[in-house]
Each structure stands twice: as structure tokens, then as C-alpha cells.
Amino acid sequence: MTFPLEAFTTVSAANPWTYLVFGVIGFAFGYTLEMAGFGDSRKLAAQFYFKELTVLKVMFTAIAVAMTLTFGAAGLGLLDLANVWVNPTYLDSGVLGGLIMGVGFIIGGFCPTTSLASASTGRIDGMLFMLGGFVGAFLFGETERWFDAWYNNAGYYGRLTLDQLFGVPAPVVVLAIVLAALFMFWGAEQLERHIGRKDFSREPGLRKLGAAALAAAAVGVLVIGSPSLDERYERLTFKRSETVQQAEGNKLQTVTRVYSADEMLAKRLVFASPAEAFKARYQQAIKPVYLDVRSESDYNLYHLADSTNVPLNRLGKLVPDLLSEPAGNTVFITLSNDEAAAVEAWKLLSASGVQNVYILEGGINRWIATFGRQDPRLKPLPNAGADELGYALKAALGDRYESCSPSPIEYEHLEFEPRIVLQVKRDKSGGGCG
Amino acid sequence: MRWLRAIFNRPEKGYAHPYLAGAVLGVVLFLAFLLTGNGLGSSGATSRINAAVVDAVAPAHVDQTPYLLKMAGGDKNPLDDWIVPVFIGALLGGFASGARHGRLRLTTTRGPNISDRTRWLMSFFGGMVFLYGARMARGCTSGQALSGGAMLAAGSWAVMLAIFASAYLLAYFVRKLWL
């Protein structure tokens, strides 16, 4: 079983349990914040006068613990990070919004969730903060139209994470943040001792043990590492609904089958015929991206119109970009001369968490056989080796052969067995604080 | 009704140790990621409830407001989102902890040198400003700083630094409110 559980990723009336699950999570959230004393605005404001650094301690302990557990679970293969919501980066609006929030924080004495903990325990200032919050949200909705275009693109970098930014593995960042947090806690206690005049003789010694345990766990995450591509490939599952005939009654019934990646290849469910790959360009519902994984020289000889050349050995570097490909209806079609390299590319992309990847059945050779038979400049080479171009070309014309972009009118009635099934990713607006 | 009065008159207990509370919060956040693939949040619910109210009062206005249209346009129900049950749960959870630890009391928490009335005004105004910024940043201290921070989202760390930077810079000038 791989987490997160698909049944719980979005709330829906069809599955009322989801309301309960999110409600219980919210309950634990509110309970913990009240328990920490965040219902009292003085405790929150004290953070900004260096008298009591409870906010910093609670927040960074929470981040460090959650991060260590999350990346540990991902390393052990329990959790698939590709299905966890990561706030997309909108740098400009994020920083401006953050600066505005800081003003509200120091004046109002709360942040939105702590005001809930405060209001629910009878604090009038907490209730008024909540009320002011509704007015603020209303004002944002009313004024957003004046900067709608800016707001929707303000420094957009997609799903950008710190490990990508610094070019190091995620567990290294986890360990660095945990160590930085522990150092900050030490500094915070020094401030409390000198500015807040806090008596530390009664502080539990257990906190040092906790700090050691957290650091050890973060080192553990580093040791486990991220699951290798092979391990992730082994755990891939694909869902397909199939229509089967029942034994009795001759009734047709749709069943959902779950296949492993190797089964998908063996049953050839991820191979799109040239006809389907070609027609995908003219289908409104999907946006095909053709990834030509052959060498540059082969690509220069002959390639499909609008295809992108990414030789197999450079494909791995492209994965972060493919993962943040904005449109949810993007379908990637890998192609090589025959199928071998394209299959390797399919394995790499699928294992990396890229969705909707297909392989051009028979590769370029089958494509030419389908669309370029009449072209005298493309002469079949019967002795071509495995996954080599099976045609002799006089000139490297790239995509200027007629068959590189077949006429949609001429080939309007091509028949094919459809293989492409669009798996729509998690609704982009469904995650985060949206 | 005696049991009801008993809830509100329990002896007040101290707060949990910050590191302990933080560790529990971290486990809650991890479980949220593990089970649902979503983190924690609350400011999104505020704007969704706002959208629902506007949709009920002036549905035609929603169609002319791009921000509300995304949540409440057409037959969309703005309240049909995971963050709404989290919001309601957080209110109940805060109440439960307050009841358990004897902290249910109708009072105002404020600095020693201002009146209740000033504090009320400031908290209302602060809430207004905070939520305006939270919607601009697409999340607040929970949805961005806490959840995004734990997932190593680069933008969330920028938001977090911006919140603390501006609060610290302004703190000296509004010290009368708190000191």
C-alpha cells in the first residue's frame, strides 16, 4: 500500500468519510495550537520582542519533525511524494503577501489558525481577529481584479523545492534544516535567559534527549536516502478499466484492473500506434508532447514536427521540468527508431512520477511505414540493426519531409485501437491553502 | 446544567512545553501528508466562507469577480473543499483543549498598557490585514510556512521569511501594544 490514500486526497460528498478525516486532522491541529498557548496573543507577540520564543520553537519543531518523518517515509517507499501537495512557488506575490501578513501579525497578535484556537476558548480579541479576517478576505476578492494578471503569474516557478534550488538530494536539505533548527533553539534559549530573564533550572532535561533523537532521525533519513528509480519502478501501479463479458447472462461489465509497470509493457497498454500519436495533435482534450530520445544525428536526419530531442542519457535532467509541466492534460509520447530506447525512457519517466507517458509503437520506422511510404527519398534498409533507423536518407532534412507532419485531411479516417487514457493529476486548486 | 458550568470552571492548567507541542504538531502534519497528501491550513477556508456568503447574497457579483469565480462560479460550491472541515475541526479542537485545560473564559488577551477597546480594534484591523496578505501569498503561516516549509517548497520558505521579517521590523514601532 502506498500513501497518500487515494480515497482521502479530496473531499467529496460521494465519500462522506473524507469530511471526517479532514475534520479529525483539523481537530488535532486546533487542539495542539491551544495546548501550546497560542490562544493567548501575548504569548505570540512576545516572540517579536525576544522575551519568549515559543512561536519559533513550536513552529520549527513541527517543521523539523514533520519533514523528517515525511522524507523518511518517502525513503522507505511508504509515501509517494509525487502525490503530496507542494505549494507552487509564486515568489513575488508570496513575498509581498508575507510582508503584509507580518504587519497583521504584530498588530493583531494572531495568525489565522491561532485566532481560531483563541476564539473557540472565549477570547474576544481572537473572535475579532477572525471577523477582521473575513473582511480582509472579502477585500482581497474585491480588489484582486485590479492586479489579476500580476497575481496569476507573479514570479511563478511551479513546484520548486529547496533541494532542486540548491542541487542537492532532499535528505541533505532535511538534515541541514534540522541542525539549523536545533542551533536556533539553542540561540532562542540564550535570548530568553538574557532578555526574558527566564529561569532555566526547571526546564526538562528531556529536551536535550529529544534534540539528539531528532538529529539522529534526520541522519537516518540521509542513510535511507531517496528510493532508487528501480525501487520506484517496481512499486508503480496503473489502473485501467476494462469491459469484460460475464460468464453467465452475457452481460458486459466494466471492471477496474490494477497492473504493474511490467504488465503494462507486456500487455502493450502504453504503446500508442502512429495513427493515435498523430491524431492526438488534433484532439482538444489532450496536449501531446513528443520526446525524441534518439541521438542528435538521428534526430537531424528525420524527426516528427514539433518533437523535442532529448537523448536518453540527458532525459533524467529534464524530469523536474516535466513534473511541473503546467497543463494537467499533457501526454508525453517517447519515441526512438524502434522501441528499445523509448521503452527505457518510459521506465525512467514513469518511475520518476511523471504521469501520462506513452511510447510510440514501432517508433520512427513504423511512423515512416505508416505515413511516408510514397516518399521516394525514404528508402527502406532491410538490414538495419535493433533500434536503428530502417530507412536510408539522402539528406538530413529534419522535419521537412512531408511525412513529418502528415496532412490531417488526408489521414482523417485512420483506424486505431486507443491506448491513451488521461490520468488527471490531483486538482491543482484542491491542495494547499487554496 | 451543572456539568456545563463545570466545563467552564475547571482549574486552569499550564501550557504544554513548546518542544512537546511542536513535536505533536509535527506528527499531526505528517499524518495529514501521509493520509491525504495535503498539509494543514485555515486561511483558505476564510476566503471560501466569504465566497459562499457573497454567492448567497449576490450571485451575479461572483460572476464579475475573477477571484471568487474560481471558487464559487457556476455550480461550484465554495465550501466543498478539504480546508473547510479542517477549519471547523480546528475550532472544535481549540475548544476541546481549552475545556480540558480549564481555559474557557470570556476575556481579552492584551498588553498591559492598552485598553480592551484598543486591543479589539487592533485585533480586528490586524486580522483584516493578515488575511489580505494570506490570500495574496496563497496561504498563511499554516498553509505556506508550516506545510510548505516541511515539504521544502522554495516559495513557502520565502513567504515564511517575509512574515517574520516584516513583523520584527514593525515590532519596535508598535511596542506600546504589547510591552
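**Cavities**

I began with the largest cavity, for which I found a volume of about 160 Å³. On the 1 Å grid over the protein atoms alone, I took a cavity as a set of points where a 1.4 Å probe fits but cannot get out, and lining residues as those with an atom within 4 Å of a point. Grid points are joined across faces, edges and corners, and the volume is the space filled by probe spheres set on the points. By this rule I counted four cavities of 30 Å³ or more.

This is a predicted model, in which local features need pLDDT of at least 70 and side-chain atom pairs count only at pLDDT 80 or more, while totals for chains, interfaces and linings use all residues. Residues are numbered from 1 along each chain as its sequence is written, chains are lettered from A and ligands numbered from 1 in the order in which they are written, and side-chain values use heavy atoms, with hydrogens and water left out.

I listed 16 residues in the lining of the largest cavity, with A:Leu33, A:Phe38, A:Met59, A:Cys111 and B:Thr141 nearest its centre. At least two lining residues each come from helix H1 (17-35), H3 and helix H5 (112-120) of chain A and from H8 of chain B; helices here are DSSP runs (H or I, at least four residues), as strands are (E, at least two), numbered from the N terminus. By class this lining has 12 nonpolar, four polar and no charged residues, where Ala, Val, Leu, Ile, Met, Phe, Trp, Tyr, Cys and Pro count as nonpolar, Asp, Glu, Lys and Arg as charged, and the others, Gly among them, as polar.

**Second largest pocket**

I next looked up the second largest pocket, a pocket being an open set with protein on both sides within 12 Å along at least five of seven lines. About 610 Å³ of space lies in this pocket, and A:Leu206, A:Arg207, A:Gly210, A:Ala211 and B:Tyr19 lie nearest its centre among 21 lining residues. H10(A) gives the largest share of the lining, eight residues. I sorted the lining into 14 nonpolar, four polar and three charged residues.

**Contact of chains A and B**

With contact meaning heavy atoms within 4.5 Å, I found 135 residues of chain A and 123 residues of chain B taking part. The buried area (accessible area, 1.4 Å probe, that two parts lose on being put together, summed over both) is about 11,300 Å², 72% of which carbon and sulfur atoms give. On chain B, Tyr19, Arg138 and Leu152 supply 7% of the area that this chain buries against chain A, more than any other three residues.

I counted two salt bridges between the chains, each a side-chain nitrogen of Lys or Arg within 4 Å of a carboxyl oxygen of Asp or Glu. One joins the side chains of A:Asp125 and B:Arg119 (3.1 Å, N to O).
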